Amino acid sequence: MNYRHIYHAGNRCDVVKHLALTLVLAYLCVKEAGFCVLDTHAGCGRYDLEDARAAKTAEAREGILSLLKASAMQGQEPQRSEELKDYLDVLQRLNPGWNPADPEATGFRLYPGSPCLTASLLRPQDRLVACELHEEDAAELKRNMRGFPQAQIHARDGYQALRAFLPPPEKRGMVLIDPPYEDAEELEKLPGILAEAWKRWPQGIYMLWYPVKERPAIWRFHEALRGHGLASSFDEAGKSQGESKLLCAEFVYHEEIRSDRLNGSGLIVLNPPWQLADSLRKLFPLLHKALGTDHAGGSVSFL
Ligand code: SAM
């Protein structure tokens with residue numbers, strides 16, 4: 001396992017994925033009943049952008065730091081957007097010395113990964129289970145999550161955790177699957193993994209991140225998801241209810257899709273909250289503008 005998320009923390013793909021995560025969490029918070037979030041590939045919880053490894057790639061510059069710059073401009077869209085509110089609130093709580101009106105984002109240093117972002121948005125009745133396999137990152141995750149009593153941290157394989165922890169007793173909630181794609185066959189394995197998890201917990205919301213790198217591989221991935229019956233809903237008698245429940249959102253910032261670089265952020269959401277597609281459709285153009293991407297591509301559609 002060579003992948004370390006600190007090199008990529010706060011990049012464009014993180015921003016898109018984390019914003020989508022906050023939208024699903026906001027939906028889950030509408031009902032009073034508690035929910036559970038299972039984060040299968042959790043990383044370190046939060047990241048210091050001044051760490052030498054983050055500074056080496058400086059990926060946050062094109063990601064979160066660009067967004068903060070745009071949002072500091074008085075009256076600009078990011079500042080006013082409902083879709084960004086929870087995310088910006090967590091960033092502020094984590095960086096009390098940062099003034100959101102400062103276009104240089106001086107004092108902004110800590111970037112929340114999915115566990116810290118999730119735990120910051122939970123209510124007392126909710127729970128987070130976060131798994132990380134890399135020994136050092138798991139130890140750091142444990143340290144970084146000490147202030148969150150509702151977070152249970154496990155240094156273990158996230159795919160095994162799907163078998164161990166689903167369905168959760170809360171009955172409501174979501175699963176975030178955000179692997180590093182070090183294994184060349186990861187994308188091929190995921191539809192089967194997702195289908196098995198969904199059978200254990202059909203009511204859960206599942207969000208899966210994938211890199212936009214090679215179109216043919218992505219087409220095969222989508223086809224396999226459909227092949228597993230995940231793209232259409234059925235009633236108990238096996239009759240199709242006609243409405244697809246598999247949302248696919250791609251935020252693409254390079255016009256030419258090349259396999260030697262990340263060209264965009266892909267998200268699959270199984271059982272998406274009903275308003276998620278519309279929120280992402282509003283969010284993507286705003287994000288392209290704020291991040292200053294050369295190419296404002298992407299789509300939000302049901303598979
Ligand atoms: N979800 C995190 C976030 O949004 O802040 C980032 C996760 S990063 C893309 C992927 C993480 O998965 C890495 O920290 C890696 O060490 C870990 N990992 C790799 N294989 C794993 C496995 N089988 N089970 C759990 N964690 C794994």
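**Core, aromatic cluster and ligand site of a predicted model**

E104 is exposed, with a relative accessible area of 58%. Exposed means over 50% relative accessible area, buried under 20%, and partly exposed in between (1.4 Å probe, protein chains only). The structure is a predicted model, in which local features need pLDDT of at least 70 and side-chain atom pairs count only at pLDDT 80 or more, while totals for chains, interfaces and linings use all residues. Residues are numbered from 1 along each chain as its sequence is written, and side-chain values use heavy atoms, with hydrogens and water left out.

E104 is placed in the loop between α5 (85-94) and β3 (110-112). Helices (H or I, at least four residues) and strands (E, at least two) are DSSP runs, numbered from the N terminus. In sequence, E104 and G43 are 61 residues apart; in space, their C-alpha atoms are 27 Å apart.

The largest nonpolar core has 98 residues. Such a core is a set of buried Ala, Val, Leu, Ile, Met, Phe, Trp, Tyr and Cys residues joined through side-chain atoms within 4.5 Å. I64, Y87, I268 and L280 have the most contacts inside this core. Helix α1 (residues 12-28) gives the largest share, 10 residues. I64 touches G10, V15, L49, Y87, L91, F108 and Y111, not counting residues up to four places away in sequence. Contact here means heavy atoms within 4.5 Å.

Six aromatic pairs occur in the structure. Rings of Phe, Tyr and Trp (its six-membered ring) pair if their centres lie within 6.5 Å; planes under 30 degrees apart count as stacked, over 60 as edge-to-face and the rest as tilted. F251 and Y253 form a tilted pair, at 6.5 Å centre to centre and 55 degrees between the planes. The rings of F251 and F284 have centres 5.3 Å apart and planes at 75 degrees, so this pair is edge-to-face. It links distant parts of the chain: F251 lies in strand β8 (residues 246-252) and F284 in helix α11 (residues 276-291), 33 residues apart. F251, Y253 and F284 form one aromatic cluster. F251 is buried at 0% relative accessible area. Y253 is buried at 6%, and F284 is buried at 6%.

Charged groups also meet aromatic faces. R12 lies over the face of Y253, 4.5 Å from the ring centre. The charged end of K17 sits over the ring of W209, 5.7 Å from its centre. The criterion is NZ of Lys or CZ of Arg within 6 Å of the ring centre and within 35 degrees of the ring normal.

The ligand is surrounded by 20 residues (a heavy atom within 4 Å). The closest are H18, H41, E132, G158 and D178. A polar side-chain atom of H18 lies 2.7 Å from a ligand oxygen atom. A polar backbone atom of H41 is 2.8 Å from a ligand nitrogen atom. A backbone N or O atom of S114 lies 2.8 Å from a ligand oxygen atom.

Most residues other than glycine have a negative phi, and most peptide bonds are trans. A cis peptide bond joins L166 and P167, with omega about -5 degrees. K171 has a positive phi of about 70 degrees and is exposed at 62% relative accessibility. N271 has a positive phi near 60 degrees but is buried at 17%.

Notes: Polar contact = N/O pair within 3.5 Å; in protein donor to acceptor, adjacent residues only side chain to side chain.
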